[in-house]
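Q: Hi! Could you walk me through this model before I set anything up?

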Amino acid sequence: MVHLRPGDGYRRLLVVESRPDASKASPTSMPSATAWRWISEHEAPVEIDVTLGTVDVGLTGAVALAHGEGAPNFDSKESRARLLQRDATHVLALPLRAPRGAIDGMFSIEALCRAAMGRGPLFAACRDAAQVLAAVAAPYLCTLPLRPVEAAAPDEHLPVIGASMAGVIEMLRVFAQQEETVLLSGPTGAGKSRLARWCHEQSSKRGQSFETLDLSTVPEDLQMAELFGWKKGAFTGALKDTVGCIGRAEGGTLFIDEIDKLSLKAQAGLLRVLEERRYRPLGEGAGDRTAEVRFVIGTNADLYAEVRSGRFREDLYYRINVLPVKVPPLAERRDEIGRWAEYMLDRRHRAGGKAGEARLSPEAERVLLAQPWPGNLRQLDNIVRRAYAFAQMDRSAPPEVLTLEARHIERALGYEAGGGPKSLLDLFQLTAAAFVAEAQRRRASGGSLDLDLVDALRGFVLGTAAHQLGSREEAFRLLGKEAIVQSRNHHKSLKREMDKVEALCNALGLTDERGRLFGGMGDGDER
């Protein structure tokens, strides 16, 4: 197998089967936490004796970890069991170096050789040659363009899948069929919870329970209780026996979001569950319970940075970083924005029990496409809900089709506190997008919008400054035009700019807007 996993997530997985019965092979097993951990830390070949559960790291020089007594353990019981089911007694993993020298993945080779079990490294004689071949092939493999992936069919759990997400979804489809932990990283609101549920439905656990634990909503002193449950009297307020998230998810999937918020004490408890599949509710005197649960983990933090700062356990990091997938922000999935908005609009319309249809106008979609979306899907849903309310207020009689227009979206965006553009450049970009959207709307109806009308922007700036400062002269001085004031030409200059604003207002059919915007500035009043 060739595993391309630079930085924070898998990019590609290539599998070559050479067994005579490859057509009857069981589903591909993913790499273990142990193999990737040793590859990452030592940047050297790693050999695993699956039967004994030992690891040999082939380092050059005096530093080497011997096979046998004292060797590091192969601590992934799930991977070990599946490898044995695949008739793999030994695994060799080789680091895959990108052209810039970083470890961007690994090669793994599975072999069946029962005669060599417990007799030392199976690949010792060919490991160096294999590493040379890996080094030669790595730059080529790392720079190959990604094969286009046909977007998967949407379903009730993932109703929108664009071309920009097709590769991520295809990788998740493979990962969902494994038992190893999946780590979903990405910004808040990007859809990690929905993807976790989708993974559950694609797995052998579908039909079983799916539980979610959002650690951002749980105080640190209650995290252990929420995970493992508690017995009556275990702590103040424990009035009855309560099953924790792990118990409720028994036989199914537990999605733990915001894992970076987990306390160090709770991290130790979770690590034990992942390694031994055993836990004990708080206050239970003796005896452990078995955790037959598939874990999906979510975070919007750089977990490795958290490890370096001492806020996250290194052993837990490697234990959950087995199948990492990065979920891109909505800004990088612009081909999905319109369809997500339509889905959210339809859902909102149906939830309200309204008759007829609800749709998004092309102009409204263009306004949405021009936004930066720092809040991702969550922010988009809020905007659609708000715009829907404005559209409801606009109509005097219920039509057969309720249409969300650009003005509804723009009004909804106006209520965003800190979620909109952060810089003057962003605002200029939105202004340009709105102008282009209006030009497209007019062309569709046989009209046009002249580019020269963009010159009205100068008038908007000057008129706003004069209105706010209460003085034309101060407005020109503020904007670096002192010389015009000294030559006493600022009255004429302002009138010329206001005429351009008036021309734009007339073109848009808003003949009375200039006076409202600037209080009559430029009409001869000396203020």
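Q: Great. What kind of model is it, and how many helices and strands does the protein have?
A: The model is a predicted one. The protein has 20 helices and 17 strands.

Q: And what share of the residues counts as buried?
A: Of the 527 residues, 44% count as buried. As for contacts with a separation of 6 or more, 67% of them are between residues 24 or more positions apart.

Q: Okay, the core next. How many residues are in the largest nonpolar core?
A: There are 31 residues in that core, and those with the most contacts inside it are Ile246, Leu254, Ile256, Ile259, Phe295 and Ile320. The elements giving two or more residues to it are helices H6 (223-228), H7 (245-248), H8 (264-276), H9 (303-308) and H10 (314-320), together with strands E11 (253-257) and E14 (294-299).

Q: Which element gives the most?
A: That would be H8, with 5 residues.

Q: You listed Ile259 there. What does Ile259 touch?
A: Not counting residues up to four places away in sequence, Ile259 touches Leu215, Leu270, Ile297, Gly298, Thr299, Leu303, Phe312 and Ile320.

Q: Nice. Switching to helix H5: which of its residues are buried?
A: Helix H5 covers residues 192-202, and its buried residues are Lys192, Leu195, Ala196, Trp198, Cys199 and His200.

Q: What do they pack against?
A: Their partners are helix H4 (166-176) and the strands E7 (182-185), E8 (210-214), E11 and E14.

Q: Now the helix pair. At what angle do H13 and H14 pack?
A: The angle between H13 (residues 376-394) and H14 (residues 406-413) is about 125°, and their axes are 8 Å apart. That value makes H13 oblique to H14. Their crossing is right-handed.

Q: Which residues meet there?
A: From H13 you have Ile383, Arg386, Ala387, Phe390, Ala391, Met393 and Asp394, which meet Arg407, His408, Ile409, Arg411, Ala412 and Leu413 of H14. By type, the contact residues are 8 nonpolar, 1 polar and 4 charged.

Q: Let's do some single residues. Is Gly229 buried or exposed?
A: Gly229 counts as buried because its relative accessibility is 0%. You'll find Gly229 in strand E9 (residues 229-230). Beyond its neighbours within four places in sequence, Gly229 is in contact with Met224, Thr242, Val243, Gly244, Pro281 and Leu282. Gly229 and Gly283 are 54 residues apart in sequence, with 9.1 Å from C-alpha to C-alpha.

Q: And Leu451, buried or exposed?
A: Leu451 is exposed, with a relative accessible area of 62%. Leu451 is in the loop between helix H15 (424-444) and helix H16 (456-469). The C-alpha atoms of Leu451 and Ala439 are separated by 9.1 Å, and these two residues are 12 apart along the chain.

Q: Last one, backbone angles. Which value does phi of Glu43 take?
A: Phi of Glu43 is near 50°, which is positive in a residue other than glycine. Most residues other than glycine have a negative phi. Glu43 lies in the loop between helix H1 (33-42) and strand E3 (46-49), and it is partly exposed at 40% relative accessible area.

Q: What about Arg488?
A: Phi of Arg488 is near 60°, again a positive value in a residue other than glycine. Arg488 sits in the loop between helix H18 (482-486) and helix H19 (490-507).

Terms used
Residues numbered from 1 in each chain as written. Predicted model: local features only at pLDDT ≥ 70, side-chain atom pairs only at ≥ 80, totals over all residues. Heavy atoms only, no water. Axes fitted to C-alpha atoms, helices over the stretch in contact; angles between N-to-C directions. Helix = DSSP H or I, 4+ residues; strand = E, 2+ residues; numbered from the N terminus. Parallel < 35°, antiparallel > 145°, perpendicular 65-115°, else oblique. Left-handed = near helix turned anticlockwise from the far one by under 90°. Contact = heavy atoms within 4.5 Å. Nonpolar A, V, L, I, M, F, W, Y, C, P; charged D, E, K, R; others polar. Buried < 20%, exposed > 50% of the residue type's maximum accessible area, 1.4 Å probe, protein only. Core = buried A, V, L, I, M, F, W, Y, C linked by side-chain atoms within 4.5 Å.
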